[in-house]
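Open the model in your viewer and keep the selection tool at hand. The stops below say what to select and what is there.

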Amino acid sequence: MKKENKVYIATSLDGYIADQNGGLDWLHSIPNPENSDMGYADLTASIDALVMGRVTFETVCSFDIDWPYQKPVFVWSRTLKEVPASLKDKVYLVKGTVGEILEQIHQKGFYKLYIDGGKTIQSFLKEDLVDRMIITIIPKLLGGGFPLFAELPSVLDFECIDTQLFSNQVVQNTFVRKHAINHETTT
């Protein structure tokens, strides 16, 4: 089974995924008269499960909506002890390093994963475990907040394979990881 870790996230023009107070209201500041999902349905159709951190999980739980995910959600947390009873059989807690949680998830038969949440994405990038990033840029400068990217131990090369424009304002870029090709020569 092919393993693939995908990121699908929106950022401000200056690269933040939440404002200085952790707020997300700015994400809805651009009118969307066509109610475009901006590729979200295609993304969810292509994955087996989601992996998110505790903060993202708690943020989603704070929305006044029904649970929005149809696929299993694995919440990576050192501090959560259990999930709400209403989410049993939908949400599972995982603990350990990135490699350890991936092993736990793969053992359950889930290989195509949507990685969500700032710190979770940063942790996967630090381990060079992101294969595809779909980044939607909202044309707003927040001037601070929680950045999508953090320091990395080495350079990671990605290639932009698609760019789309929504509502004549929102740009979505799809990047795939370019892995170095080993050009060994034989004599």
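Select Trp76 first. Trp76 is buried, at 16% relative accessible area; buried means under 20%, exposed over 50%, and partly exposed in between, with a 1.4 Å probe and protein chains only. This is a predicted model, in which local features need pLDDT of at least 70 and side-chain atom pairs count only at pLDDT 80 or more, while totals for chains, interfaces and linings use all residues. Residues are numbered from 1 along each chain as its sequence is written, and side-chain values use heavy atoms, leaving out hydrogens and water.

The structure holds 8 aromatic pairs, meaning rings of Phe, Tyr and Trp (its six-membered ring) with centres within 6.5 Å; planes under 30 degrees apart are stacked, over 60 edge-to-face, and the rest tilted. Trp76 and Phe124 have ring centres 6.4 Å apart and planes at 85°, so this pair is edge-to-face. Because Trp76 lies in strand β4 (residues 73–76) and Phe124 in helix α4 (residues 118–126), the pair ties together parts 48 residues apart in sequence. Helices (H or I, at least four residues) and strands (E, at least two) are DSSP runs, numbered from the N terminus.

Next, select Tyr8, Tyr40 and Tyr114, which ring pairs link into a cluster.

Move on to Arg177, in strand β10 (residues 170–177). Is Arg177 buried or exposed? Arg177 is buried, with a relative accessible area of 14%. Show Phe158 as well: the charged end of Arg177 sits over the Phe158 ring, 5.8 Å from its centre. A charge sits over a ring if NZ of Lys or CZ of Arg is within 6 Å of the ring centre and within 35 degrees of the ring normal.

Then show Asp128, whose side chain makes a polar contact with the side chain of Arg177 (2.7 Å). A polar contact is a pair of N or O atoms within 3.5 Å; within protein, one must be able to donate a hydrogen and the other to accept it, and residues adjacent in sequence count only if both atoms are side-chain atoms. The Arg177 side chain also reaches the backbone oxygen of Asp157 at 2.9 Å.

Finally, colour the chain by pLDDT, the predictor's confidence in each residue, from 0 to 100. The chain has a mean pLDDT of 93, and 96% of its residues reach 70 or more. Over residues 182–187, pLDDT stays under 50.

Notes:
Contact means heavy atoms within 4.5 Å.
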